[in-house]
Amino acid sequence: MKRCLALLVLLFASFTVTAAERAIVVASKHFNENYVLAEIMAELLEGHGYKVDRRYNLGGTLICFKALQGGEIDVYPEYTGTIGQAILKIDDPAPGEAKLNRLLSPYGVSVLPSFGFNNTYAIAMKQTLAKKLGVRNVSDLARHPELKMAFSHEFMDRKDGWPGLSRVYGLKGHPEGIEHGLAYQAIHQGKIDVTDAYSTDADIARYHLASLTDDKHYFPQYYALPIVSDDMPAGAKRVLSLLAGRIDEDKMRELNAEVVVHGKTFAQVASQFLTEEGLVKSGGGGSRLWHSIAINTVRHLKLTAIALVLGCLIGLPLGVLVFRSPGISRLVVYIAGLMQTIPSIALLALMIPLFGIGQVPAIIALFLYSILPILRNTITALITIDPLLKRISEAIGLTRIQQLRYVLIPMAMPTVLAGVKTAAIISIGTATLAAFIGAGGLGEPIVTGLALNNTNLILQGAIPAACLAIIAELMFEGLERLIVKPHMRAATLPE
Amino acid sequence: MSDSCVEFQDVYKSWVPGTPVIKGVSARIPKDLTTALVGESGSGKSTLLQIVNGLVVPDTGAVWVDDAPLDYGDLPRLRRRMGYAVQGAGLFPHMTVHRNITLMASLEGWSVEAIEQRYAYLLELLELPPAEFSDRYPHALSGGQQQRVSLCRAMMLNPPLMLLDEPFSALDPITRASIHQEFIRLQRAESRSMILVTHDMSEAMKLAQYLIILKDGDIVQQGEPAEVQAGPADAYVEKLLSGAES
């Protein structure tokens, strides 16, 4: 019996230990290559028994780094050049991992060994043409001044673009500026011969281009590697180090093309890669379309519902409290209105230093947005009630509370409801942006789809979000029918 | 016990400093009679009425109600002892006729039987068949019907004092004449103190037993209707009386 009990206690203890073991939070910036690398890391960790929480679509380098520093996330894919220039602000075109780790240690952050590829600027031309002319290195271009060159506008302007390139390699000629998106088409149709590219761009493979070797090491290095928080368990760091040197430029280009050109999901590409490399046994990665739509919709509803309830809990009493004083009412509505003028993406970004990333800052931002329509409608409804009726509600002997309860609030109800409805619909729309700070919801597929130019993915978020807005509208109309007498309803459009 | 229900003692009120609307009024309102405050618009009659139930607080002077200084500390209690009906009726648009009339009684904790009994009595008195009117909302009533409902509301708690601020002014002459008859019946049925504000001397003569005539915030004459008719104090009173005859 005793032994049985001991076993039970042990079992319980082991269970709580497992439950307490926290998930590893894997994040990514919102562009294709970063998603693929993040998903590879996530599935590798899962393959080694770790629980993983995915926070993709974070708005940019600084948002990711802040979140990493604040312990909100454990790891995301970053590039050596970006760490040097954007985060550490050092003047070194090729910082090594040891140097980066030395400089990053005060931030409580470190880098793991690189995946093995350098995603930097590349000079590209058609493979057939390069073979014919015998061009392999950038320096070979100096022998062919007859080649037509066209570079992206940014490359033409940047110090580390054309101006330096022409000086270092002694290139002559007057390249034209061209929209980056059009350059590949132009080179494919033979209108231009040479352009700039990113070395792991899927389009290099798609258009059969050759990426010329930067033989004088002119371009800064952008080696991709996992950047991790010091809080991340050492075991998980060891698992991620298994990826060191596994992905060269060609491999990354191929993985990018799987998504961009062949339309596979990140999960499919990641699990295929990990299986081929023998890092995990056959992955999942199947289509879980409805499941993910359901999860995103529920998350979206949760964000907006909590924000709306908070908005009502604060906005309605505050409106009732201040409406008798015109001065304070104006001030309160003015402040709430100012909040509304902050662009939603800026407000969300402002939340990060204060509340980190995830659902909490998103809910706070949505709450700040929902409060204006609720507050403004409540105050307007209460102050525009016929002064005669206000006088009578006093004169017949109602106390202040009774005046509110029996006369003022019921009479204000149609306008107040309209305010709550507006707030609900604004929240449903704005919540799609919450994906940028890792709150999930229907913005998740929209943001990913935008980054990948994948209409399917965009629609997976946009259609349910639009449906939610329509359902909210209909629900509030029903609610109004239910609790407001027909002759008391706010003016409606003629039928 | 004095024979007055309300007493004004040198009451002074101005909204804008230097231009008083009530200029040191002193008067006693007799108990159990209907007193009319008569005057042209701007004479201060409506303001004087609102001083009685504390909607307007005088700058100086005192107001006594039932032989005690007006208690501003508990106005809701005071006001529940004063019925109030105004021009335009002022019924609550989101409540049925029944709810408009019985709201205060139910808040006062009356029993359902007491409420329904008093309600039925008042509706009958003002010729509003309950079956037809109880569940209607104010927007579906004529002006005269709204005014009758508003009188019922004012009478519901059986208040010792009624304050009436031009309740019949917005009605057409025929409706007004018939409500006047009902009002007289009501005075006979339940004798109580009433203060009726009106600009219409003929209405005052017909419904009131005591007149207080106001001009520019001051009393120019007071007395029983017959006395006033017999000896108007000045040209202003004469003008009000001549308007009444035509």
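Predicted model: local features only at pLDDT ≥ 70, side-chain atom pairs only at ≥ 80, totals over all residues.
Residues are numbered from 1 along each chain as its sequence is written, and chains are lettered from A in the order in which they are written.

Chain B holds 10 helices and 10 strands, taken as DSSP runs numbered from the N terminus (helices H or I, at least four residues; strands E, at least two). Of its 246 residues, 39% are buried, that is, with 20 or more other C-beta atoms, placed from the backbone, within 10 Å of their own.

Helix 3 (residues 97-107) and helix 4 (residues 112-125) of chain B have axes that come within 10 Å and cross at roughly 135°, where axes are lines fitted to C-alpha atoms over the stretch in contact and angles run from 0 to 180 degrees between N-to-C directions. The two helices of chain B are therefore oblique to each other, since angles under 35 degrees count as roughly parallel, over 145 as roughly antiparallel, 65 to 115 as roughly perpendicular and the rest as oblique. Helix 3 contributes B:His98, B:Ile101, B:Thr102, B:Ala105 and B:Ser106 to the contact, and helix 4 contributes B:Ile115, B:Arg118 and B:Tyr119; residues are in contact if their C-beta atoms, placed from the backbone, lie within 7 Å.

Turning to the partner chain, 17 residues of chain B are in contact with 18 residues of chain A. Helix 3 of chain B gives the most to this side, with 3 residues.

Key:
Contact = placed C-beta atoms within 7 Å. Buried ≥ 20, exposed ≤ 12 C-beta atoms within 10 Å, placed from the backbone.
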